[in-house]
Amino acid sequence: MKNLEINHSKLKGRIKEVLETQNKLAKKLNLDETTISNKMNSNTYFTQKEILNICSILNISHSDIPEYFFKEKVRENEQRK
């Protein structure tokens, strides 16, 4: 089974807007920067607790969680015309 790739571009933009860097988010979550990087690159996934903490830190509405954390990455050759 292939690894599901999540499009975190909206989350990355929100991090930049609120905290400026992923490292600052990692510190607020008591994680190291490599862990955050792996999650942002779909090598591992955010836990439910991490998602809720990130929403609190970045002021993301719970109704917006799917857009930030579960939007699947679409490859160019798979896009609908």
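**View 1. E5 and K73 in a predicted model.** At 29% relative accessibility, E5 counts as partly exposed. The model shown here is predicted. The side chain of E5 meets that of K73 in a salt bridge, with an N to O distance of 3.9 Å. E5 sits in the segment before α1, and K73 sits in the segment after α5, so the pair ties together parts 68 residues apart in sequence. K73 is partly exposed as well, with a relative accessible area of 40%. Side chains of opposite charge can pair when their charged atoms come close.

**View 2. E17 and R14 in helix α1.** These two residues form a salt bridge, and their closest N and O atoms are 2.6 Å apart. Is E17 buried or exposed? E17 is exposed, because its relative accessible area is 58% and the cut-off for exposed is over 50%. R14 is buried, with a relative accessible area of 17%.

**View 3. E50 and K39, a link between helices α4 and α3.** The side chains of E50 and K39 meet in a salt bridge, 2.8 Å from N to O. The pair links distant parts of the chain. E50 belongs to helix α4 and K39 to helix α3, 11 residues apart. E50 counts as buried, at 13% relative accessibility. K39 is buried too, with a relative accessible area of 7%. How many salt bridges does a search of the whole structure find? The search finds 5, including the pair of E50 and K39.

**View 4. The largest nonpolar core.** This core has 17 residues. Which residues have the most contacts inside it? They are L11, F46, I54, L58 and F69. The elements giving two or more residues to the core are α1 (9-18), α2 (22-28), α3 (33-40), α4 (48-58) and α5 (65-69). Helix α4 supplies the largest share, 4 residues. In soluble globular proteins, nonpolar side chains tend to be buried together.

**View 5. The surroundings of F46.** F46 is among the residues with the most contacts inside the largest nonpolar core. Which residues does F46 contact, leaving aside its neighbours within four places in sequence? The contacts are H8, L11, I36, K39, M40, I51, I54 and F69. One of them, K39, is the salt-bridge partner of E50. L11, I54 and F69 are named with F46 among the core residues with the most contacts.

Key: Residues numbered from 1 in each chain as written. Predicted model: local features only at pLDDT ≥ 70, side-chain atom pairs only at ≥ 80, totals over all residues. Heavy atoms only, no water. Core = buried A, V, L, I, M, F, W, Y, C linked by side-chain atoms within 4.5 Å. Buried < 20%, exposed > 50% of the residue type's maximum accessible area, 1.4 Å probe, protein only. Contact = heavy atoms within 4.5 Å. Salt bridge = Lys/Arg side-chain N within 4 Å of Asp/Glu carboxyl O.
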